[in-house]
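These are my notebook entries on one structure. I set down what I looked up, entry by entry.

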Amino acid sequence: MASGIKDRVAIIGMGCTVFGELWDKGPEDLIVEAFEEALADAGIARGQINAAWVGNALDDINIGNSALPLAHALRLKSIPVSRVENMCATGTEALRAATYAIAAGAVDFAVALGVEKLKDTGYGGLPLRTKGLANDLWMPYGSAPGTFAQLAGAYTARHGASSEDLKRAMAHVSWKSHRNGALNAKAHLRKAVDMETILNAPMIANPLGLFDCCGVSDGAACAIVTTPEIAKGLGIANPVTVKAIQLSASHGWEASYHEWDGSSIRNTQEAAKRAYAEAGISAHDLSMTEVHDCFSITELVTMEDLGLSAEGSAIFDILDGRYDNNGAMPCQTDGGLKCFGHPVGASGLRMAYEVYSQLLGRAGDRQLANVDFGLTHNLGGQPANSVAAVSILGRLN
Amino acid sequence: MGQDTGKRGIASVGGYLPLLRLDRSAASKGLQFSGLGGRNAGYRTTAGWDEDALTMAAEASRHATSTVAPTRICFASTSSPFIERGHASMLLEALALPANARTIDVSGNRRCAVSALLDALLGQGDTLIASGEKRPVRAGSAFHTAWGDGGSAAVVTDDGSAALIGYASLARDYVDLYSSREHPTPYAYEERFVKETATRDVIAPTIKAALADAGVTSADIAHAAICEPLPGMWRDISKATGITAPNHASDLSAAAGDLGAAHPLFALALALDAAQPGDIILLAGFGSGCDTLIFKVIGAVAGAAKARAALTQGLIFADYVRFLSLTGTIDLDWGIRSEFEQKTQATVLERYGRDMIGFIGGRDTRGNVQFPKSRIPVRPDADGPEPMEDMRLADVPAKLVSVTADRLNFTPDPPFWFGLVQFENGARVMMEFTDADADGFKVGDSVAMRLRIKSHDKRRGFRTYFWKAAPALRPIMEA
């Protein structure tokens, strides 16, 4: 019977580049920067790395296929290197692969690195599909904001909430992320924005306005993992450990079966349930979360899907400040996707980077007082067809 | 033929007009500086970016085939989107008719649907004649506002309620406008030449011959559907033939525009709607000659009332630039986002195309319906591959589960509406929406399915078709 990987894997080093429109940096620069920071943090030699996984979601305009861009950039000498991709959940997928390799006892040191170079497309937002295959014969060519905006009407319909309350709560989500992002030297957007500006922004996909949407960024993030025993041998007495790492993928139920009402994301619920069980904690034991706030409505719904707000009450919890930095359950202390940025393949590892930093007391101006457990929630796809990754990090002791 | 000899007749008809109706005065206003343009009264039906001759013919056919499943399908148009791709075959698949039906495309001039109708009436088998037009016209040309977009259809059976009692044909290489592959938009010749000689030499002689063939006089005609080569010619045609009955073809031109090959059958539908049992109707199609058909109405013809209702179920708009864009007369720079590749792989189309254009989903062994079909059903308790029975979703009532108006995504007529659609039979599909009215869409709205262009690959001149959700009811025009 599987017992999970709680405390069987330690994160001993992490790195993260500045996120943003990095016109003067290529994928190689991003990879090397994130890795070198992680390597220095881990205090090991690069030759000790036994295996590596690179997460990259949009290879067509990006770093290139396969593991080779990572192996070349870091000059990894004939070790196993793989590329993983799971849409916007790619970063956590890379971490999951490296973590499982350690937990399995296959290697001593593994690298998970997520990277995305999105600002070579010539426009904002995600690159468009170029396939011409079966799904293109019928699926709508909706944008990412369009697919997530669907949550809003379904949410108000289910809970009888007013559109005005929802809009204000969504605005609060973005207001909070901008305030937090302003404290983060590595964030893409570092400017606080007032509520009026957010509420009156141009509409992107009803009811999501400009400030309800994260942009896309260039960036990379990296983790080096090993066993707690090896970590202790390196002098890390109480390392950050992986308490849980879970993934749930749609099988078509939401968009093709008649039960889902469109107001929540079941894969988040499923992954969270399993993650809490694996970690042996409940939602209320968490100290903080870093969730996939690609759009403000996503964060709002995710608060309920993670069990942090009761069904139908996230609007009011958000407006009450529960998820602000000084609230009972801080969320997006680093600015989140909204302001730290969203280099797709790196985002899951960026979330882990913030939790890791908070657990080690390294978060500077945004450091929280007491951090025992932090949760990351990394969502790929769209509400109707998603991949949700939830991980929980803490200290070994 | 005579009144007692005609046996085959028209069993049902269909008329489809696009949602949008340009207020012609808006075009006149936009062109005021130039002195160009044409008539400024009435409305000009304007196809959505995702409509073409095939989709509009298909919509008209859905009305006409609700009670009859034809074994012969004829598609008629002068603006068929493809050169080498049979539209009648696509129409057959869009209507999910048996693949062993006989199909044919006819074209060549705007009389073609009437010619095909006459052939069907003189032939055998239950036959659908479906016509659609979305003709390219240059801005500033009088045709740009005088012509309209639309579709029409008629089904011929042995016991149709409007029986053919006489006919006449005249073939004549008569050039009233220039249009060719090299120059697809119409180039007009002098109007006075057309007005004088088309009536005198082509239309009136054919009508008179048909009246004689049917053994009736012009005074016996209760309703006419006589297509005018140019607006305003009905008065001269009436004078030349002695027919004083209301001409529904002229009314259609004023309300919607000249629908080209689709015009005669639509006008016939209007005439049938207005007629009483025992009435005699005269239909005349013009173009490279003339075909005139005379019918005796025996009883109500299915679909006629719906065609009339279509005249006033629409959305008036006065945005001339939008009209220019929708009719392809200006090429707006939509930016980088519009550059995405829309190539269709022929292999993929061959595997899945029929289920797409026919909107065929599958019913699993427990009765759950899904789209598209899959080897292992989406039903949560499915535990392996199951056979699936074809289930067509095109006519199943549906409601919206989720919706948004996406203003980031490229579409030629923003915003891009889409969302999750729940069908009454349990199927649900993430779909594009179309024909938004002023209120847009919201969760819980009832929707109906419309066949539309899904992707338009301008680079290769190719398009694919799928179904989109439209409001179940259209707004009533308030002039």
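**Entry 1**

I began with a bridge: B:G361 has B:M391 of β17(B) as its bridge partner. The model is a predicted one, in which local features need pLDDT of at least 70, side-chain atom pairs count only at pLDDT 80 or more, and totals for chains, interfaces and linings use all residues. Residues are numbered from 1 along each chain as its sequence is written, chains are lettered from A and ligands numbered from 1 in the order in which they are written, and side-chain values use heavy atoms, with hydrogens and water left out.

I noted the terms: helices (H or I, at least four residues) and strands (E, at least two) are DSSP runs, numbered from the N terminus, and two strands pair if DSSP finds at least two bridges between them. Strand β15 (residues 360-363) of chain B is joined to β17(B) by 4 bridges in the antiparallel sense. I then traced the open sheet of 3 strands in chain B, whose order is β16-β15-β17 with antiparallel pairing. Its edge strands, each pairing on one side only, are β16 (369-370) and β17 (389-392).

**Entry 1: the hairpin of β19(B) and β20(B)**

I found these two strands paired in the antiparallel sense over 5 bridges. One bridge links B:V421 to B:V429 in β20(B). The hairpin has 4 residues between the strands, and B:G426 takes a positive phi near 105° there.

Why is β20(B) largely enclosed by the rest of the structure? I counted 5 of its 5 residues as buried, so β20(B) is enclosed in that way; buried means under 20% relative accessible area, exposed over 50%, partly exposed in between (1.4 Å probe, protein chains only). In a regular strand the side chains alternate between the two faces of the sheet. In β20(B), B:R428, B:M430 and B:E432 lie on one side, B:V429 and B:M431 on the other, and all are buried.

**Entry 2: where chain B meets chain A**

I recorded 45 residues from chain B and 47 residues from chain A in the contact (heavy atoms within 4.5 Å). The two chains bury about 3600 Å² between them, 63% of it on carbon and sulfur atoms; this is the accessible area (1.4 Å probe) that two parts lose on being put together, summed over both. In chain B, the most area is lost to chain A by B:R337, B:R428 and B:M430, together 18% of what that side buries.

I found 12 residue pairs in polar contact across the interface, both at pLDDT 80 or more (N or O atoms within 3.5 Å; within protein, one must be able to donate a hydrogen and the other to accept it, and residues adjacent in sequence count only if both atoms are side-chain atoms). With 6 residues, β18(B) gives the most to the side of chain B that touches chain A.

I looked up A:T92 in helix α3 (residues 90-103) of chain A. A:T92 is buried, with a relative accessible area of 2%. A:A389 is 297 residues from A:T92 in sequence, yet 6.5 Å away in space, C-alpha to C-alpha. Not counting residues up to four places away in sequence, A:T92 touches A:I245, A:G348, A:L349, A:N378 and A:A389.

A:T99 also belongs to helix α3 of chain A. Is A:T99 buried or exposed? I read 0% relative accessibility for A:T99, which counts as buried.

Last, I checked helix α10 (residues 296-305) of chain A, where 10 of its 10 residues are buried. After α10(A) comes A:G307, with a positive phi near 80°.
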